[in-house]
Amino acid sequence: MNILVLSQFSEAIAYALPATNATVRYVSQFSGYDPIEDHKSQPFDLLISFGYNRHLPVDHPQMAGIRAINLHTSLLPYGRGLNPNLTAWLNGEPHGLSIHEISSEYDRGDIIFQKRLVDCFDIDAETLRSTYERKIALAITFLADAWPDLVENHYRVRPQPQGYGSLMTARALKAYRPVLAEYNDRPLRDFLTAVHQGKIDRLTSDLSHFAKTSEKTPQGLFA
């Protein structure tokens, strides 16, 4: 089996993954990269995405027969789209990790594995940045633990729950840039207090609208 890993965290993933009989190839530089052209020249059977900041054309005929899987640092359907760590803290949503199939609609593919993160963060010692970085590390460990089953296709998928969740689009994230600039490295408690006091707006998502919008959120961006 030939596996392609598309990730800005390729080095850490390569270090963490257990050995298998599969051939694993990594791509971490995405400028000008075309997965379809790559597949034509170096075919792969399984594609793993994590922090890949481009849309993946999984419905293209050239991608037929390829299993495409994304690692995401949220407990889907919470935290779809960009910067799910920010979304979780903004909205008081459960923290978690998801491995899911990639579909044409961003972060809506069927769930393969999930893990809820409970009592993992100290809001007095942590920052938005440190919790983001720790979720990245936890996600890579989660992927490594699931790796043998993913390679051997030993899993059952289940659809994501409908009717609730959240989504951070590129437009919404742009509005939060001043917030991140001010609070990314301050104690997390300061950020949560500001949200509670109404100084920072929570994220609101009309998910039925976002499912149909032409604004495409790249799979896995900001993990």
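Which residues does Leu143 touch, not counting residues up to four places away in sequence? In this predicted model, the contacts of Leu143 on that count are Ile13, Leu17, Ile48, Leu71, Ile99 and Leu150.

**Nonpolar cores**

Leu143 belongs to the largest nonpolar core, a set of 45 residues. Together with Leu86, Leu90, Ile99, Met168, Phe191 and Ile200, Leu143 is among the residues that touch the most other members of this core. Helix H4, spanning residues 128-152, supplies the largest share of the core, with eleven residues. Another core lies apart from it and holds 15 residues, including Leu4, Tyr33, Leu47 and Ala68. As a general background, nonpolar side chains in soluble globular proteins tend to be buried together.

**Aromatic pairs**

Six aromatic pairs are found in a search of the whole structure. Two of them are described in the table.

| Pair | Distance between ring centres | Angle between planes | Geometry |
|---|---|---|---|
| Phe9 and Phe50 | 5.0 Å | 45° | tilted |
| Tyr183 and Phe191 | 5.9 Å | 70° | edge-to-face |

The pair of Phe9 and Phe50 counts as tilted because its planes stand at 45°, between the cut-offs of 30 degrees for stacked and 60 for edge-to-face. This pair links distant parts of the chain, since its two residues are 41 residues apart. Phe9 lies in the loop between strand S1 (2-7) and helix H1 (10-16), whereas Phe50 is in strand S3 (residues 46-50). Phe9 has a relative accessible area of 17% and is therefore buried, the cut-off being under 20%. Phe50 is likewise buried, at 1% relative accessibility.

In the pair of Tyr183 and Phe191, the planes are at 70°, so the geometry is edge-to-face. Tyr183 is buried, with a relative accessible area of 9%, and the value for Phe191 is 0%, which also places Phe191 in the buried class.

**The chain as a whole**

The protein chain contains eight helices and eight strands. Its radius of gyration is 17 Å, close to the 17 Å given by the globule rule for 223 residues, so the chain is as compact as a globular protein of that length. Along the principal axes, its C-alpha atoms fill a box of roughly 55 × 35 × 35 Å.

Of the 223 residues, 51% are buried. Among contacts with a separation of 6 or more, 69% join residues 24 or more positions apart. The accessible surface of the chain is about 11,000 Å², and carbon and sulfur atoms account for 48% of this area.

Key:
Residues are numbered from 1 along each chain as its sequence is written. This is a predicted model: local features need pLDDT of at least 70, side-chain atom pairs count only at pLDDT 80 or more; totals for chains, interfaces and linings use all residues. Side-chain values use heavy atoms; hydrogens and water are left out. A nonpolar core is a set of buried Ala, Val, Leu, Ile, Met, Phe, Trp, Tyr and Cys residues joined through side-chain atoms within 4.5 Å. Buried means under 20% relative accessible area, exposed over 50%, partly exposed in between (1.4 Å probe, protein chains only). Helices (H or I, at least four residues) and strands (E, at least two) are DSSP runs, numbered from the N terminus. Contact means heavy atoms within 4.5 Å. Rings of Phe, Tyr and Trp (its six-membered ring) pair if their centres lie within 6.5 Å; planes under 30 degrees apart count as stacked, over 60 as edge-to-face and the rest as tilted. The radius of gyration is taken over C-alpha atoms; the globule rule is 2.2 Å times the number of residues to the power 0.38. Accessible areas come from the Shrake-Rupley method with a 1.4 Å probe; for residues, only the protein chains shown count as cover.
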